[in-house]
Amino acid sequence: MSTAVDAIRASVDPRAVAPEHELERWSVGDVVPAAVLTPGSVDEVSALLRAAHDVRVLPLGGRTHLAAIRPREPFVVLSTRRLTGVEIYEPGDLTLTATAGSTFSSLSETLAAHGQWLPCDPPRAPERTLGGMVATGAASPLWAGYGALRDHVLGVTIVTGDGRVLKLGGRVMKNVAGFDLVRLIVGSRGTLGVVVSASVRVFPTPAVDRSLVLRAPRAEALLTAARAVGTAPVMPASAVLAEPEPGGGAALVVRLHGAEGAVDADQSRLERHVGTTFEPVEGAAALSLSHHMRDHAFEQPMVLRLAALPSRLADVMGVARTLPHAAILADVMAGRVRVGMPAVPPRAVESVRACRDAMRGLGGTLVVEAAPADVAAAAAPPPDETTGLVSGLRASLDPRGTLWNPGAFSGGRHGPIGVHE
Amino acid sequence: MSQPLPEKVARRLRHVVGGDHVITDPDRLLVYESDGLTAYKLPPRAVVLPADHDEVVEVVKVLHQASIPVVARGSGTGLSGGALAAHDAVIVGTARMRRILALDAANRLARVEPGVLNAQLSEAARPHGLYYAPDPSSQTTCTLGGNVAENSGGPHCLKYGVTTRYVTGLKVVLSDGRVLDLGGAARDPEGAYDLVGLFVGSEGCFGIATEIEVRLLPLPEGVRTLLGIFETLEDAARAVTAIVGEGLLPAALEIIDGASIKAVEASAYAAGYPTDAGAALVVEFDGTDAGLDAAAARAEACCREAGARDVHRATDEAERTRLWQGRKKAFGVMGRIAPDLLVQDATVPRTRLPDVLHRIMQIGERYGLHVSNVFHAGDGNLHPKLLFDRRDAETLAKVEAASKEIMAVCVEAGGTITGEHGVGIDKRGYMTLVYGPDELAAMAAVRDVWNPDGLLNPGKVLPDPVESR
């Protein structure tokens, strides 16, 4: 075991090896890594993975999205924090290429200087890295108005589990040259390859970013309005329903983006369709509100995500209500509800199983974003007809199982299955 | 000539789909000998037209047992020879699978069979105030199954993106008849690998989609269309850069070059574009009515600033159709000038457009070929058109050499060899311009996971031979 770790340590420049006393700080799910390596180049990432035998490698970016991962020992952390910087940014192209360790906040600053942005707003967005966002898919309610992050990723460079460097896709908006492995990588949680750089499509910053707010003592009182937003002739940038608000109660927040006149008109059309008047919020207040909504129900010891069709929102909320003391954030346009719990509830395994079954009954899914290992494992779905395909895909990009870390997928479609289990 | 289908296999196929829906008569097979790229001709051994998902499964099983390759085909409008029956394949056509299975207005979703036409879906959605956004030029004839296979684009991708953004779920039949139920809007996309996204654009090499779930959008309230007339192509390209620099996001930004304008105006489809212009630029905004006039005014100012001689604004639908006419007819009218037309397809970063266009024209001059350009300027998707006469072997060789040079120029500029037409059989040789051996091997490995016996659309997309690893 120690020789396996020694070999991987020896594959990189000594300066890329973190000192022993720092290891504990890098624990993931209470498991201490055998080494922490911060490669400074793609070649070094490749050398490291080529040297990885009988040891798991866990790629880490901003460490914002790890709560359900329980690495199998021995494991080595591959931090992308030294792989930073913008590689190509030509504002006129509306595309940006940057290395994986670049933080979202630094990239946003670069883009903002040219009146552009990447319309993606997952929890703790500023601390996230580009590589981490690509690897997790960075679900965000802004998909409604702009498409999801997976629609904006034009190309990625990855290093496969056995150290091959693959440049997939490109940096142009339309590209159908070959099979779309980029889509496979986005949201694959580092289990197929380490993302070392990515090209994304960016957008002009909207002239007006207005949040329309509707408040009520309980989220249930806002469900009818929320559903009406989902069928309005106006497509909002995003629409979320949150409870509890900082001051208590619940709020439905609809963001409208566009030119001044267009946003005014959208607001009246929306209000006519919903049959109510919203409180409009703009500027600093809107920004702080959207940050609050972004992180709502995320940083909790246990977080579940329930998904079904938008028309089932009331039923999904009903399932969420069976969980104790839940903070709730619903993406109204998608029919997805994030439920954060302030503590791991007693009999958590049973309640997660019950919720999972209830969601299946609604034709939907339950994904564990954060939970103790036994709870996360309880949500894992049984193998289905995609299991063989998924195993094959893993085997083709990570033949030694170096990048498979239990908990990377918990629930959803395919859990810890495949050739390496 | 391909080998005839063994009678035992033909009998079993007839048993599944009915005698009328298995075509083996050589004369009738000629209809299927090529797709929209008629340079390649290869009649299939047979064409089978299943009525529904269950019949597709049975047909595929019969062919799998006989180890006969299968090529799925929609309307055959593809432009890269993707639906060509190479390797003695049987074509499984989706022409009878034309049902819209569900139109769920409350969730803005539709579930369709693969033979449903692109425009047919938008028409069905219209009474609900909805439409299907991706609109390839062939939208009145192309099928959604074909759109999924090719990840089709269209003139409105700049704002709305391509097919893959709208496909949320698929039912897929694998080469041995196994069925996968992938994705679905009700399921959390972050909980799994994006197998739907991986499948879209796989050009029939992974499986046959028999049910497709797509997202619909609310119809935009209004549209504004501008036509800018420019002395030079460079001026038009500068106007595009200025419009993007203004922070405007038009639904479409299309450039028609001088050579194309002349061809259109000399035809029965004359759109009233001045024939001495160097380029015309169509700019279209859609969305909430209230914001559109301001956006159009800013775009017009950008055009004038860039040296536009004239800017027309459509005031009604008839006028809008007329402004688009020159763009939409620019391919068809070339038949007047030469018997054969090769429409190329490549994408470059938008800011490289003027330089790349200049180099493409130089290549045309060097080979003595008539080259003209019509393109989606907003997303850098070029369609250089090369005119020639196939009967002249020397010219044909020049067209091939010039095409390859054009591709190399686009790749060198940071672009790629196809933006929306696909690789098919035509561009396999160019794949090495954009990908190295490791990338091609990884793609082959992924294909082999879906299609281990290689019976689905063999001889497409990847150059021969690529060994998976």
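User: What makes the 295 residues of the largest nonpolar core a core?

Analyst: A nonpolar core is a set of buried Ala, Val, Leu, Ile, Met, Phe, Trp, Tyr and Cys residues joined through C-beta atoms within 7 Å. Buried means that 20 or more other C-beta atoms lie within 10 Å of a residue's own; 12 or fewer makes it exposed, anything in between partly exposed, with C-beta atoms placed from the backbone. The largest such set here has 295 residues. Ile185(A), Leu306(A), Val339(A) and Leu281(B) have the most contacts inside it. In soluble globular proteins, nonpolar side chains tend to be buried together.

This is a predicted model: local features need pLDDT of at least 70, side-chain atom pairs count only at pLDDT 80 or more, and totals for chains, interfaces and linings use all residues. Residues are numbered from 1 along each chain as its sequence is written, while chains are lettered from A and ligands numbered from 1 in the order in which they are written.

User: Which residues does Ile185(A) touch?

Analyst: Contact requires C-beta atoms, placed from the backbone, within 7 Å. Not counting residues up to four places away in sequence, Ile185(A) touches Val134(A), Val156(A), Ile158(A), Leu168(A), Leu192(A), Gly193(A) and Val195(A).

User: Why is helix H11 of chain B said to reach close to its expected span?

Analyst: Helices (H or I, at least four residues) and strands (E, at least two) are DSSP runs, numbered from the N terminus. The expected span is 1.5 Å times one less than the number of residues. H11(B), residues 317–328, has 12 residues, and 16 Å is expected. From first C-alpha to last it reaches 15 Å, close to that value.

User: How do you know that the buried residues of H11(B) are on the same side?

Analyst: Those buried residues are Leu323(B), Gly326(B) and Arg327(B). They cover an arc of only 115 degrees around the axis, so they sit on the same side of H11(B). The arc is that of the directions from the helix axis to the C-beta atoms. Glu317(B) and Ala318(B) are exposed, on the face turned away from the buried side.

User: What makes up the side of chain B that touches chain A, by class?

Analyst: The contact takes 73 residues from chain B and 69 residues from chain A. H15(B) gives the most to chain B's side, with nine residues. That side has 33 nonpolar, 26 polar and 14 charged residues. Ala, Val, Leu, Ile, Met, Phe, Trp, Tyr, Cys and Pro count as nonpolar; Asp, Glu, Lys and Arg as charged; the others, Gly among them, as polar.

Methods. Contact = placed C-beta atoms within 7 Å.
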